[in-house]
Amino acid sequence: MALLQARDLHKVFPGPHGKVPALAGVSLTLDPGEFTAIKGPSGCGKSTLLFTLGALLRPDSGNLSVLDREPYAMTGEERAALRAKSIGFVFQQFHLTPYLSVLENVMAPALALPSTDAQSRALELIDLLGLKDRADHVPSMLSTGERQRTALARALLNRPKILLADEPTGNLDEDNGALVLEHLSDFAKQGGAVVLVTHEREAAAHAQRVLQMRDGRIA
Amino acid sequence: MSLWRLVVREIAYRKVDFVVSAAAITLAVAVFVAVMTLLRAHEARASDLASLRKDETMALMRTVQDDYRKITLKSGYNVLVLSKDQDLAQFYAQGYASEFIPESHVNKLAESPLITVRHLMPTLSGTIGWSGRPDVHAILMGVRSEVPQSHLDPKAPLSQPVEHGQVRVGFVLARQLEAREGDSIDVLGRPFTVSEVPPERGNADDITLWLHLEDAQAVLNRPGQINAIMALSCHCAEATLEGIRGEISKLLPDTQVIQLAAQTTVRALARDRAAALSDETVAAEEDYHRTQQRQQEALAAWLLPVAFLCAGAWVGLQALVNVRARRSEIGIWRALGLRSRHVIFIFLVKAVLLGVGGALLGYVLGFATGLTWSHLEGVSFGDYGARALFDARLALGALFLAPFLSVLASWIPTQIAARQDPVLALRID
């Protein structure tokens, strides 16, 4: 059973010179254990696709199914619950909360989906990602690699089935980038589905499948 | 981690922003509490003054009543019951009555349910001379104790009677007879001891000789007879001369009643007027304080809304700036699955904490200001001290009002945060 199915997704944004098509009939299927990389030049619609697949951005047309459920047929609250439970996000800019420690940042998804083992799970991930000594530190005290690993741990806290990563290695050095990509691969190997948006050839090399995107379409 | 913890951590992280917002709430609450405390102080002061003035007036009234009694005493009894046959022209000319009535009349009056006259005192008067001293003439006045009225509360006697065998000698007469207290003088062949020589009064009292009624009846050879009953009319609405005459004539048809003490009445009226004037003074003072309080209430009526409006606008603006600064934060929360209600909770809890903090600090500041101000205005707080100005309702009101104001001011920014498009926020940052 596919974890995610997108069919003929269309999305148009208004621009200063008329409408700009960001998605122009994108179809995609993600199976369990699949690591998919989406490559393409800036402005080709990669991030728009990622937000749409992540139930954050409603397409103008087309269908999306996540774990056999249609997020855009749901209410906003139901969609948020689906995101909390099934989808993890990693961004190039990390988007860590500046006043929370590493442990608290990693535990933030538990605010949306409370669980009794949230703290032990967070500590486990922190340990796994090599942040044990940084658990009490706030983001400003971390290196960029540590920040991205914190963001990755946060994305994994609620044991999602799908992980959506938008240029996660864009701000990292080679070693830290490789480390993050290894963890994404591990996630896929454990049965999750990963969508990695990148324009780096080395990053894409970790994926089982590489899709090229241009002008809102998958080539 | 809980949403509460997240709110507290955010406040600690942006503490300057929080303090700046709380300062506005604090200031508004402080103005509110200070004004209300001042009003309360003035109200207490006006109340104290009114109470003090009322006490003073009551004391004055008691003094006036006492004065009235004393003045009445000095002026003599103001009602005189005489024989119906008494020629009043002769009475006024010689200063005493020459016709007689039975002494038992006074007992009839005393035992009757009459209330318009009090302090009944029978008297027997006549003129006497001394053999060998043609230049010395005296009015002999026989008096006895006031006859108690059985149906009335006992009153202190207005004058003390002369004891048997004793004589009170008027000032001029004593000088003529060269009599002093303790001396023995002869009155129509009977010896009497001088018990008192009163000070000079400037009237017929100065040539009067007071004896016990029975002694006077013996000296004048009028046993069982008197020629006047002196009485004091009560200071009440029923005690008109006509009323008194009507009542006494029913009891004692062979008598007539005259009123002597018009001067006493004038003085009583003067005292009544003084008391009324005192009341008017108190009323004027109370009116002044009421006017002052109304002016302060009018000031509070526009000052307080302005203060709260400014504080609300400031808090609202700060909340808007806060929401804008946290766009990325809100965006990632939404991406992680937090609902709108979580976002609303985060911002409104912060607003409530802001209000509670501002209220507590503002109350302390406002109360201290109000206390100091009222102290400078000379308001004393009596035995209770500053506690007299503490108002639990005001404290509770501030504690509820400030968070309410803060939530109200933060409402629109909170709604903006809750409806923020996470994609837009994540893309911008």
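Me: What ipTM does the predictor give the complex?
Reply: Bear in mind that this is a predicted model, so confidence scores come first. The pTM of the complex is 0.63. Chain B averages a pLDDT of 82, and 85% of its residues score at least 70. As for the ipTM, the predictor puts it at 0.88.

Me: Which element gives the largest share of the side of chain A that touches chain B?
Reply: The contact involves 24 residues of chain A and 20 residues of chain B. On the chain A side, the elements that give two or more residues are α2 (76-86), β5 (87-91), α3 (102-107) and α4 (109-112). The largest share is five residues, and it comes from α2(A).

Me: And by class, how many nonpolar residues has that side of chain A that touches chain B?
Reply: Let's take the other classes to begin with: three residues are polar and three are charged. That leaves the nonpolar class, and its count is 18.

Me: Which strands stand at the edges of the three-strand open sheet in chain A?
Reply: The order is β2-β1-β4, with antiparallel pairing. An edge strand has a single partner strand, so one side of it is left without a neighbour in the sheet. As an aside, the twist averages 25° from one strand to the next. The edge strands here are β2 (18-30) and β4 (61-66) of chain A.

Me: Which residue of β4(A) stands opposite Arg7(A)?
Reply: Strand β1 (residues 4-15) of chain A runs antiparallel to β4(A), and five bridges join the two. Opposite Arg7(A), on the β4(A) side, stands Asn63(A).

Me: What about the six-strand sheet of chain A: which strands are at its edges?
Reply: This is an open sheet too, with mixed pairing and the order β5-β6-β7-β3-β8-β9. Each edge strand has a single partner, so one of its sides has no neighbour in the sheet. Those edge strands are β5 and β9 (217-218) of chain A.

Me: Over in chain B, which residue takes a positive phi in the hairpin of β6(B) and β7(B)?
Reply: Strands β6 (residues 184-187) and β7 (residues 190-196) of chain B run antiparallel and are joined by four bridges. Across from each other you'll find Asp186(B) and Pro191(B), and likewise Ile185(B) and Phe192(B). The hairpin has two residues between the strands, and the positive phi, near 45°, belongs to Leu188(B).

Me: Which residue of β7(B) stands opposite Arg168(B)?
Reply: β7(B) also pairs with strand β5 (residues 166-169) of chain B, and here the strands run parallel with three bridges. Arg168(B) faces a residue of β7(B), namely Glu196(B).

Me: How many nonpolar residues has the contact of α1(B) with α10(B)?
Reply: α1(B) passes α10(B) in a right-handed crossing. The contact residues include Leu3(B), Trp4(B) and Ile11(B) of α1(B), and Phe345(B), Val349(B) and Lys350(B) of α10(B). By class, one is polar, one is charged, and the nonpolar count is nine.

Me: And how is α10(B) oriented to α11(B): roughly parallel or roughly antiparallel?
Reply: α10(B) packs against helix α11 (residues 392-418) of chain B with axes 7 Å apart, at an angle of about 150°. Their crossing is right-handed, and the contact has 21 nonpolar, seven polar and no charged residues. Angles over 145 degrees count as roughly antiparallel. So α10(B) and α11(B) are roughly antiparallel.

How values were computed:
Residues numbered from 1 in each chain as written. Chains lettered and ligands numbered in written order. Predicted model: local features only at pLDDT ≥ 70, side-chain atom pairs only at ≥ 80, totals over all residues. Pairing = 2+ DSSP bridges. Axes fitted to C-alpha atoms, helices over the stretch in contact; angles between N-to-C directions. Left-handed = near helix turned anticlockwise from the far one by under 90°. Contact = placed C-beta atoms within 7 Å. Nonpolar A, V, L, I, M, F, W, Y, C, P; charged D, E, K, R; others polar. pLDDT = per-residue confidence, 0-100. Parallel < 35°, antiparallel > 145°, perpendicular 65-115°, else oblique.
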